[in-house]
Amino acid sequence: MTPSNSNPLVNSHSLERNPGMDLDLDWALSVQANTSAIERRCKTLPGRRSIKKINQAAWLLKAISCIDLTTLSGDDTKERVRRLCRKGKFPVRSDILNQMEIEPETVRVGAICVYHEMVEAAVSALEGSGIPVAAVSTGFPAGLSPYSLRLAEISESVQAGAQEIDIVISRRHVLTQNWQALYDEMKAFREACGDAHVKAILATGELGTLRNVARASMICMMAGADFIKTSTGKESVNATLPISLTMIRQIRDYHEKTGYHVGYKPAGGISKAKDSLIYLSLIKEELGDRWLQPDLFRFGASSLLGDIERQLEHFVTGHYSANHRHAMG
Amino acid sequence: MKVKEILETMDYGKAPESAEQAMEWIAKHSKKMGLYINGSIECPGGRDSLESRNPANGEILAQLCQANSEDIDRAVEAARKAQPKWEGLGGPARAKYLYALARLVQKHSRLLAVLETLDNGKPIRESRDIDVPLVARHFYYHAGAAQLMEKEMPDQRALGVVGQVIPWNFPLLMLAWKIAPAIAMGNTVVLKPAEYTSLSAILFAEICHEAGLPNGVVNLVTGDGRVGEILVTHEGIDKVAFTGSTEVGRKIRQAIAGQEKELTLELGGKSPYIVFDDADLDSAVEGLVDAIWFNQGQVCCAGSRLFVQEGVAETFHRKLRARMDKLRIGDPMDKSIDVGAIVDPSQLESITRIVEDGLKEGGVRHTCPADLPEVGCFYPPTLITEVDPACQLMQDEIFGPVLVGTTFRTPAEAVALANNTRYGLAASIWTENINLALDIAPKVICGVAWINSTNQFDAAAGFGGRRESGFGREGGREGLFAYIRSKNTPTHELAEIKALPGKSEPVGTEIDRTAKLFIGGKQARPDSGYSTPVFSTEGKLLAQVGQGNRKDIRNAVEAATGAKGWGKSTAHLRAQILYYLGENLSARKNEFADRIDSMTGCGQDKAKLEVNSSIDRLFTYAAWADKYDGAAHGVPIRGVALAMNEPVGVIGIICPDESPLLGLISVLAPALAMGNTCVVVPSEPFPLSATDLYQVFETSDLPAGVVNLVTARHSDVAETLAGHMEIDAQWYFGSGGLSSLIEKASAGNLKRTWVNQGKSIDWNDSQQAEGKMFLRQATEVKNIWIPYGE
């Protein structure tokens, strides 16, 4: 592995973006996903890879660097967003990092993820930090607002300074197997993003089958998605290991065939440090070390960071930690 | 290593399981393991000792005691003494002990797992997550089997004392597979663990003690192959159960021939792993990790022959090589290791030799690039493609982490390749098409088929093979029959029944009726050109029958093999034909009765009874044909394990000499009902009831070749039949004392045998001469695991 940057915790964006390709339905429809076999692989993975002690501490720092620290609430305000951004810049107490011989300024989250209305506040709070702002868009979470407005929403967020746009796909295109429509929609979203990177939220919990998840993943990559992402966090089922395995196997195939790297973002439901380790090992095993960088892997999470902080304090002190010893975001 | 450096490499680091408590346990035994006889662990003086080593580093773990014949005598004696009381306790009382064993296995689970890994070299993940939980599960399941025995199988009883010999690849799991069903059914056991891996068995002995198991119910004798040899041939043993190599299994079959012992063998394999072009290729690749790199490939049912549909082969092999490159090989005690140590240097040497020799015939090798540890027995995961059936690598069991593969074009070709082997243990079939999966699974010769999965095991599902992978099942209801017998098992000695003497008189004015042989639906002259006269009780010539020889047997087997479509016909059709046979026999009742009377002199009443019973028996098996169902086992997956009853294949049947019609019908009808094709050698002294049946067969829509009759001296053809590689089972009910010869000769292709051991069956007694036991002998249970879920 060649790290893309001297600081492996910093998002580098050094790879060429996935430009997409013509819709290849033969390929997309040949994709299979056997649910039981995929579940079996996921069930045994945690028992196959164990990360302990100092390795675990390092992996948890890696996990932090891949977090899209998120607030997507109706009651978000500028001040609340500023607080979150500050947490994103200083995610772990500096004394803990010092004991791990890590310079505190090298540790930060992957991005701050907000609604459009909060983009400006976030951009200003993060100024100079290098942390990008991600905006959820296109009528998030349902994606059922007028098409023209969804496109306009992207442009406005980009104008407001969002460097990453998390779009939601029209689930109905998947459920009715209207792959051309899905491709066209994704392609239009990608174009509207301009230089901003686009993450395609598949809302996997609403797609019915892993096969649909696999095929939708492939179509979105063909249409130029920079990332594929599981869920909005609003569906009843969010990120799971089987869904993740299904999606990253498509990323692997796409890379193998086109040479382009597409990122992966599981979102929703990942709140434990241990879970983040399992996800990272899944990525390492199935996609390889290059994907263990924040430019290709993110956790969409709001409470994961807190658990990781407690684990890190335990690592340096040997004592189990408590919530109130860590700054809230 | 600093955090910063790890961030660069993202290494897993080491996650070693502690060996401390296991080493303490070994130290507690002063590093000297004893024998477990009659409830106590003892180290008798003056015995040779064997070193038990950790294959991952070569260190000596402990000394094992080499049991001598006196020790084995004592162990068998202890088991014999304990058996009646143990059986007499009744199922529910025995269930409590099995339940306690299950609980104790769970309580000591980590110690068992660590000990197993130290001794065997398998990754701790496997011993911890797979072996030991399956051991506990096996005892729980069989606690239940004991609980229900009297109610569910009221006509069955224990066999007695069982001698069991197990291999080194799953030391504790194989012990559980052997001991749990045996003691659940009321048997007592003497078990010999493998010499490389006896430690967990000694810990299990302590668990037996902790569970309060009565003395003598379980006995363990350790040592090398000589101990196994003495044990299996011991006259105090009623049954031998063996898991291990086909080579040793064959020797056991020969060694105990004629000793009137039951036998089940679970032997080697070269199981196919079939990937169709519509499969989830990534999942099928991952499945191979569990198929051939599980337990370093030292698994009898390992998916070791890879068949990929040609159109996706390149993609699949590329994905597979990439996956292999990610495998982690090393210290089995490390929790992040995929592939551990080979059990012993001799096994490592054997794997290396087979691969290097095999590659001389061709093949493209890909080896997992991971560095192997500098010490210890390690072999890299290996894929060899472009290996064809004509290569040794495709035929010989390697018993290591080596996968060989080729491609196929059509489903039919996949089946043909899969079955082009002497083995028949397991198969994995990958396709998203349920029509295809459920079509292929029954066609592959095996005892276990896994759809879109591999190496799935559970106590509720039978496991075992066909062909030279052995016979008998372990697990499930089908597995219990390996340890029980009918309470109506015959015990009377069968005296030899000789042909009656007479004088050949001129035929006179009657038109000559010389019965030929019946092969492939046609009457055929015997190859020998000789005939045997059959005389009545008054010494009058009744007829002459052809004297069949080995060539006639050859032709008959060929015809039977060609008629195997019978097994694929519907059960309804087979029932109809059996009814039709009964109907046509009924129409000629008197003629058949006269014939029996004239040959045997049994009198008209008895002769009529025999004919009526024969008709009744045909009707009984016609009834059973579509009612002897399989089962849907409740295995712990989202899915089902279908235990399907399949025909055994071609069955050679040497009929009873007594009851010339009823005896023949009693053994032929269940074989036909279950879809087997048969080569039948009728009663030697009274063959005319059989030859009279030709016309009944011909008028009953019985397809040609399904039944082939060869009149012959039993002793002339018994060895030919038992040694014939195309025959899947050989039955013997004759009075000529050929049981031993047949058992011995059957070792060639390890066909199933069912012989009378010189005991007399009362063919008129339906308790003895009909029923499920006959149907079980006429079927193989195939467990097809079908996980589902979308």
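Helix 11 of chain B is mostly covered, with twelve of its twelve residues buried. The model is a predicted one. The buried set of helix 11 of chain B includes charged positions B:Asp282, B:Glu286 and B:Asp290, along with B:Leu281, B:Val285, B:Leu288, B:Val289 and B:Ile292. B:Gly287 in helix 11 of chain B is buried as well.

Helix 8 of chain B is also mostly covered, but here nine of its twelve residues are buried. Among them are B:Leu199, B:Ile202, B:Leu203, B:Phe204 and B:Ile207, and the buried set also includes B:Ser200 and B:Cys208. After helix 8 of chain B comes B:Gly212, which has a positive phi near 75°.

| Helix of chain B | Number of residues | Span, first to last C-alpha | Expected span at 1.5 Å a residue |
|---|---|---|---|
| Helix 11 | twelve residues | 16 Å | 16 Å |

B:Tyr196 lies in the loop that runs between strand 8 (188–192) and helix 8 (199–210) of chain B. B:Tyr196 counts as buried because it has 24 C-beta neighbours inside 10 Å, and the cut-off for a buried residue is 20 or more. Neighbours within four places in sequence aside, B:Tyr196 is in contact with B:Trp168, B:Val343 and B:Asp344. B:Trp168 is 28 residues from B:Tyr196 in sequence, while the C-alpha atoms of the two are 6.3 Å apart.

**Domains of chain B**

Chain B is divided into three parts: domain 1 (61–267 + 480–486), domain 2 (271–464) and domain 3 (518–633 + 643–781). Between the C-alpha centres of domain 1 and domain 2 of chain B the distance is 29 Å. Contact between these two domains involves 18 residues of domain 1 of chain B and 21 residues of domain 2 of chain B. On the side of domain 1 of chain B that touches domain 2 of chain B, helix 5 (109–120) and helix 6 (124–152) of chain B are the elements that give two or more residues. Helix 6 of chain B provides the largest share of that side, eight residues. By type, the residues on this side of domain 1 of chain B are seven nonpolar, six polar and five charged.

**A three-strand sheet**

Chain B has an open sheet of three strands in the order 1-5-4, with mixed pairing. Strand 1 (32–33) and strand 4 (49–53) of chain B stand at the edges with a single partner strand each, so one side of each has no neighbour in the sheet. Strand 1 of chain B runs parallel to strand 5 of chain B, and two bridges join them. In this pairing, B:Met33 has B:Leu64 of strand 5 of chain B as its bridge partner.

Strand 4 of chain B pairs with strand 5 (residues 60–65) of chain B in the antiparallel sense, over five bridges. B:Arg53 stands opposite B:Ile60 of strand 5 of chain B, and B:Ser49 stands opposite B:Cys65 of strand 5 of chain B. The hairpin formed by strand 4 and strand 5 of chain B has six residues between the strands, and B:Gly58 in this hairpin takes a positive phi near 80°.

In soluble globular proteins, nonpolar side chains tend to be buried together. The largest nonpolar core in this model has 266 residues, and B:Leu98, B:Ile274, B:Ile653 and B:Leu668 have the most contacts inside it. Helix 7 (residues 171–184) of chain B gives the largest share of this core, eleven residues. Beyond its neighbours within four places in sequence, B:Ile653 is in contact with residues including B:Leu668, B:Ala671, B:Val680 and B:Trp731. A second, separate core has 112 residues, among them A:Val107, A:Val123, A:Ala216 and A:Leu280.

**Contact between the chains**

The contact between chain A and chain B takes 33 residues from chain A and 34 residues from chain B. On the side of chain A that touches chain B, at least two residues each come from helix 2 (35–48), helix 3 (53–65) and helix 12 (273–286) of chain A. Helix 2 of chain A gives the most to that side, with eight residues. The residues on this side of chain A divide into 14 nonpolar, eight polar and eleven charged.

Key: Residues numbered from 1 in each chain as written. Chains lettered and ligands numbered in written order. Predicted model: local features only at pLDDT ≥ 70, side-chain atom pairs only at ≥ 80, totals over all residues. Domains from an automatic or database assignment. Contact = placed C-beta atoms within 7 Å. Helix = DSSP H or I, 4+ residues; strand = E, 2+ residues; numbered from the N terminus. Pairing = 2+ DSSP bridges. Core = buried A, V, L, I, M, F, W, Y, C linked by C-beta atoms within 7 Å. Expected span 1.5 Å × (residues − 1).
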